[in-house]
Amino acid sequence: MADTQGGRSLVVDAVTHRFPNGALAVENINLDVKGGEIIALLGPSGCGKTTLLRIIAGFIAQTQGRIIIGDDIVDPLPPNRRAVGIVFQNYALFPHLSISENVGYGLAARGVDKATRQREAQRLLELVQLPTMADRLPRQLSGGQQQRVALARALAIKPSILLLDEPFAALDKNLRLDMQIEVKRLQRVSGITTLIVTHDQEEALSMADRVAVLSHGKLEQFGTPSDVYDRPQTLFVNTFVGSTNRMPGTVMSSDRTGAKVRLDAGSEIIARPATGSLTEGGRVTVCIRPEHLQFVNDDAGFAGVIGMSLPLGATVVHEVTTADGTGVKVSQARFGETRTLESGAAVRLAPLAPALANAFPATL
Amino acid sequence: MGAAPAARDVTSYGTGLAAPLALFFLAFFVAPLLQLFWLSLHNDTAGLHWGIGQYLQFLTDPFSLSVLGSTLLLGAAVTAVCLLLGFPIAWLYQRVGPRLQTVIILIVLLPLLTSVVVRTFAWIVILGRQGIINATLQSLGMIDTPLRLLYTQFGVVIALAQVQMPLMVLPLITALGRIDSNLEDASCSLGAGSWRTLWRIVLPLSLPGIIAGCTLTYAAAITAFITQSLIGGGQMLFMPMYLYQQASALQNWPFAAAISIIFLLAVLAVVSVFTALGRLSRGYGGA
């Protein structure tokens with residue numbers, strides 16, 4: 001047990017969980033996590049990501065499916081036998097124990113003697129850059145420091161998997177970035193397979209090697225951050241990760257690489273079919289991100305009327321209403337001549353490049 | 001009641017509103033207590049000679065001291081039984097659904113809703129020579145002669161523990177409810193089993209509730225005149241009955257007053273030990 005440091009793989013194999021009241025919490029989730037990877041479970045609240053984390057940790061016994069860590073099916077093991085380290089959202093430090101005792105708690109449970117425990121706790125506190133806090137109580141530490149202690153405590157048991165439940169949600173913005181870098185550094189040093197549960201897409205995209213997007217208990221997509229952002233497989237992923245414009249249209253022609261879509265707004269564009277090929281003449285929803293639209297001068301693109309221009313610092317966002325009444329946002333990087341546009345001004349819009357739009361079969 | 005000054009601090013309140021209660025306490029608690037103390041400082045029943053003779057008499061009389069000792073021990077035994085039986089109930093309460101919680105609370109509070117005399121007589125029915133326990137054991141053939149349960153220390157402890165149980169369970173439920181459930185999950189995920197989690201996390205963090213419950217139970221148990229007298233019978237003498245005999249039957253008011261003061265101080269001493277333990281627990285784990 002003592003030498004299972006880092007690098008263990010994690011397989012979530014067809015896991016389904018139903019709450020006692022019959023509600024489906026997660027449905028047929030499959031994840032194949034390589035040893036040493038950082039994975040983010042991303043989704044809105046209530047999507048089942050925390051349930052999945054608690055299943056992996058062993059606090060919830062799933063209705064169906066298996067959890068495999070390394071070569072072991074861990075389903076029969078209670079949480080205290082799984083060697084899974086958890087950092088809770090509120091850190092859950094033991095308020096009556098000193099920082100050193102908190103960090104050494106897992107070692108004490110394994111029967112490690114006090115001197116070794118203290119030495120190991122000190123080593124870990126140095127790792128998380130809190131070497132002088134050993135004798136303090138948790139309430140004497142700031143939020144960021146408490147989180148470092150929670151990390152050290154989880155790492156002390158040399159976990160095969162590290163689970164972080166919304167670890168940065170309680171921190172203010174500047175501290176959050178510092179801690180994200182810190183966690184990533186510690187993860188690289190230790191090489192421990194890590195799962196981060198988060199509803200913050202920036203956090204997921206910046207920290208994780210791969211992102212699993214969940215919605216209503218189902219896995220929408222599992223891929224690299226650029227897969228998820230640039231090649232979303234579902235409409236949900238496209239709208240939840242980043243912001244996007246949804247424009248209705250009809251498929252004129254389609255093959256695997258691209259589809260020609262006639263937008264209701266009035267022009268034809270080339271879009272990437274998100275799921276295989278699209279049926280000719282079928283209705284689709286085309287997603288174009290605000291930063292992928294540009295103003296054009298000639299008769300290209302589609303027409304619209306400026307509703308409002310918002311200078312947001314580095315970018316200027318224009319709200320445009322198209323001929324069919326669809327509201328569209330256009331984001332322009334701000335440089336020299338970029339200016340806000342008069343409300344009511346007529347403009348024409350087109351995508352920056354053809355592959356930047358994604359087409360999904362319309363559900364309604 | 002006059003117009004408030006313009007720059008009044010809105011978070012402070014006048015002490016005037018507390019005056020009625022303060023007067024009430026002054027007239028019906030502090031004054032009688034002082035009178036009691038004054039009374040105890042007389043060497044004779046007529047109240048003519050000053051002195052500390054009553055205190056000396058109590059403290060040099062082995063019988064009086066044994067009554068005090070057995071009363072304090074009775075309190076300790078009842079408190080221990082209440083804690084041992086009450087903690088699992090409170091622990092269970094935090095882990096069941098809302099419907100079962102209602103049932104548990106009802107069962108715990110039920111003793112408070114019946115008269116203490118009725119409850120005590122129920123115990124007489126249960127514990128008596130021909131009582132429910134003896135009748136059951138005899139019909140099962142487990143005993144030949146009835147067990148002596150009534151008029152024993154055991155009987156008094158059991159009956160008092162039942163009567164005082166709410167005073168232990170309610171503070172424990174509150175204290176256990178305040179413990180973040182993530183702490184138990186954290187302990188478990190770090191490799192601790194349920195017993196280690198109970199000893200190292202749940203018990204230390206519920207210490208404020210344990211101390212509050214123990215203090216209340218203890219104070220209530222040693223002063224429970226009716227239950228002590230009815231279940232204890234003539235053979236067992238505790239401080240409240242001793243005091244009653246001296247005051248009512250023997251009309252020895254100065255000695256009864258001295259007993260009261262000594263009893264009061266003894267209880268205060270025990271309660272302050274509990275409180276000191278509580279203060280200690282707040283710095284728990286500093287080592």
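**Note on a predicted two-chain model**

1. Chain A is divided into domain 1 (10-235) and domain 2 (243-361), with bounds that come from an automatic or database domain assignment. The C-alpha centres of domain 1 of chain A and domain 2 of chain A are 39 Å apart. Along the principal axes, the C-alpha atoms of chain A fill a box of roughly 80 × 45 × 35 Å.

2. This is a predicted model, in which local features need pLDDT of at least 70, side-chain atom pairs count only at pLDDT 80 or more, and totals for chains, interfaces and linings use all residues. Residues are numbered from 1 along each chain as its sequence is written, while chains are lettered from A and ligands numbered from 1 in the order in which they are written.

3. On confidence, the model scores ipTM 0.81 and pTM 0.80. Chain B averages a pLDDT of 86, and 93% of its residues score at least 70; pLDDT is the predictor's confidence in each residue, from 0 to 100. Where pLDDT is low, the predicted coordinates should not be read in detail.

4. Chain A has eight helices and 20 strands. Helices (H or I, at least four residues) and strands (E, at least two) are DSSP runs, numbered from the N terminus. Of the 364 residues of chain A, 43% count as buried. A residue is buried if 20 or more other C-beta atoms lie within 10 Å of its own, exposed if 12 or fewer, and partly exposed in between, with C-beta atoms placed from the backbone. Among the contacts in chain A with a separation of 6 or more, 65% come from residues 24 or more positions apart; two residues are in contact if their C-beta atoms, placed from the backbone, lie within 7 Å.

5. Five strands of chain A close into a barrel, in the order S11-S12-S13-S20-S14, and the pairing is mixed. Two strands pair if DSSP finds at least two bridges between them. From one strand to the next, the twist averages 55°; axes are lines fitted to C-alpha atoms, for helices over the stretch in contact, and angles run from 0 to 180 degrees between N-to-C directions. A:Cys287 stands opposite A:Asn358 in S20(A).

6. Chain A also has an open sheet of five strands with antiparallel pairing, in the order S15-S19-S16-S17-S18. Its edge strands are S15 (293-296) and S18 of chain A, each of which pairs on one side only. Neighbouring strands of this sheet are turned by 50° against each other on average, direction ignored.

7. S16 (residues 302-312) of chain A runs antiparallel to S17(A), with eight bridges between them; the partner of A:Val305 in S17(A) is A:Thr321. S17 (residues 315-322) and S18 (residues 327-333) of chain A, also antiparallel, are joined by seven bridges, and A:Val316 stands opposite A:Gln332 in S18(A). The hairpin of S17(A) and S18(A) has four residues between the strands, and A:Gly325 there takes a positive phi near 90°.

8. Two residues other than glycine have a positive phi and deserve a look. Phi of A:Ala83 is near 55°. A:Ala83 lies in the loop between S5 (72-73) and S6 (84-87) of chain A, and is buried, with 23 other C-beta atoms within 10 Å. Phi of A:Glu166 is near 45°. A:Glu166 is placed in the loop between S7 (161-165) and helix H5 (173-190) of chain A; A:Glu166 counts as buried because 20 other C-beta atoms lie within 10 Å.

9. The contact between the chains takes 18 residues from chain B and 20 residues from chain A. On the chain B side, helix H8 (181-189) and helix H9 (194-205) each supply at least two residues, and H8(B) gives the most, with six residues. By class, this side has nine nonpolar, six polar and three charged residues. Ala, Val, Leu, Ile, Met, Phe, Trp, Tyr, Cys and Pro count as nonpolar, Asp, Glu, Lys and Arg as charged, and the others, Gly among them, as polar.

10. A:Tyr105 lies in helix H2 (residues 99-109) of chain A. A:Tyr105 is buried, because 26 other C-beta atoms lie within 10 Å. Leaving aside neighbours within four places in sequence, A:Tyr105 is in contact with A:Phe94, A:Leu97, A:Arg153 and B:Leu190. A:Tyr105 and A:Gln145 are 40 residues apart in sequence and 18 Å apart in space, C-alpha to C-alpha.
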